Amino acid sequence: MDALCRAEPRSRRNAAASASPLPWARFSAWLDCVCVVTFDLELGQAMELVYPYDFRLTEKEKTSICYLSFPDSYSGGLGDTQFSFRLRQSGGQRTTHYEDDGEYNREAPLTLQRESAHYFGYVYFRQVKDSSMKRGYFQKSLVLVSRLPYVNLFQSLLQLIAPEYFDKLEPCLEAVCNEIDQWPPPVPGQTLNLPVMGVVIQNLLPAPLVLPSIHELDLFRCFQPVLIHIQMLWELMLLGEPIVVMAPSPTVSSEMVLALTSCLAPLRYCCDYRPYFTIHDSEFKEYTTRTQAPPNIVVGVTNPFFIKTLQHWPHILRVGELRMSGDLPKQVKVKKLAKLKTLDTKPGIYTSYKTFLHKDKTLIKRLLKGIQRKRPSEVQSALLRRHLLELTQSFIIPLEHYIASLMPLQRAITPWKNPPQIRPFRQEDFMKTLEHAGPQLTCVLKGDWLGLYRRFFKSPNFDGWYRQRHKEMTQKLEALHLEAICEANIVAWMKDKSEVEIVDLVLKLREKLVRARCQHLPVKEETLQRVGLYIETIIGSLPEDLQTVLHHH
């Protein structure tokens, strides 16, 4: 069953996790916990169960999960509903059964990294008539709580386990959790076979250069009512603009928000987002206040009350139920915010935003042709995703080229001096490069690219991208400096140096060695071992009393 055990472990951590005797160590690599939320006549939504039993959620988190696990505008429909939410962690750092030194995040694409300050909730809600219940209805949600944005995997898992759980209750849940506790840890770039309830879920965990699969939504279905405005939505997301998605159900709301946040790949969306948000959420006051500008967030809502409380937000996307049909669905119109009515607001994009780039009519024609030829939705989604990927890459490549030019030349890195500084990012210098090396080289879209870059520089997405690149470049400099030290003649350097200078070098090399291991710098293990030998050689050249002090230090 556990087909993954045949794969060679990628690291000592993975090997340790595979053989870990700790209870729930493997389970915690995928999920933090599983919750069951039920409807209590006196309490309303109530937490019935948290599994594993020793997992600790704060009272604030429990309350939020309870409210976010039930549709807040359920219109009497019966049956099963699936959706997702994202929740800010409260109460500080939590101990976990899963020992992760950050290796997963170093190897995973930015868009699939493990969250440190938020939980994702994947919900399967059931409402059916039941005469044995006081209200006449059975209402219950099974919720998978994880730090991983694997929407496809966890929603597929819920489709398997939720109906069985509602039938057989707690013993079934314990059995499933024990099976998940046999899964190997997620390793980017590998296809995983994950056995549960007699079925093997096969999922590709994407490496940075592989098209993702376990978190992909059906983009074409999600964006079908707004296809002609895809350019505008991409720009709004790129600029980190505050957006409200008003939808008829949590399913539509969460899918649309997740589709929006995914349309910037491979660029990481660095703002906050809530696939489903209710009036009971602890951030409700923060988001609805009019005393300050709306935060950089995409928030999905279903309660009509939000039309009034969030009508001061600059961009509101109102969508109806998503239905796939043989023709292009009716496309929503861009409307002025003043036309947003408290009651009976029609679908549309309510905004005064003017796009910097022109629409890509070729894309719309290709998608229309696909509809006429009854092309499968997955193929249409792949077309749409490729278009958005190429658009983002065309925008980012000039920035990547410019920031790479700020790196000091390798010949400027000498062993006995601190490595040179990365030159500062100057926006005007970057803008001058666009004439000869701008997005026009890879993208046919015309428009005000310069204006778009100027707005982008003010967004959290630019800040997040720049910080990540600067960190990577700093680590690369450190690695190159260590390599330069390894290639130097240490004995020749020591000849005319005083004991103070030599001791100072020992302390600095030790510090570099510790930093290289702690920060997992891109340095070969043999380089680190050679630096260790250098340190021993230097200490061996000193008087015995100093050797004793340095060995104890």
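**Exercise 1.** How many residues apart in helix α3 are K62 and E59? Describe their pairing.

*Solution.* The model is predicted: local features need pLDDT of at least 70 and side-chain atom pairs 80 or more, while totals for chains, interfaces and linings use all residues. Residues are numbered from 1 along each chain as its sequence is written, and side-chain values use heavy atoms, leaving out hydrogens and water.

Step 1. K62 and E59 are 3 residues apart in α3 (residues 59-68), so about one helical turn separates them. Helices here are DSSP runs of H or I with at least four residues, numbered from the N terminus.

Step 2. Their side chains form a salt bridge of 3.7 Å, N to O. The term requires a side-chain nitrogen of Lys or Arg within 4 Å of a carboxyl oxygen of Asp or Glu.

Step 3. K62 is partly exposed at 26% relative accessible area, whereas E59 is exposed at 58%. Buried means under 20%, exposed over 50% and partly exposed in between (1.4 Å probe, protein chains only).

**Exercise 2.** Find the angle at which helices α14 and α15 pack, and classify it.

*Solution.* Step 1. Helix α14 (residues 427-437) and helix α15 (residues 449-456) pack at about 155 degrees, with axes 11 Å apart. Axes are lines fitted to C-alpha atoms over the stretch in contact, and angles run from 0 to 180 degrees between N-to-C directions.

Step 2. α14 is therefore roughly antiparallel to α15, a class for angles over 145 degrees.

Step 3. The contact (heavy atoms within 4.5 Å) involves E428, F430, M431 and L434 of α14, and L450, Y453 and R454 of α15.

Note on methods
Helix = DSSP H or I, 4+ residues; strand = E, 2+ residues; numbered from the N terminus. Parallel < 35°, antiparallel > 145°, perpendicular 65-115°, else oblique.
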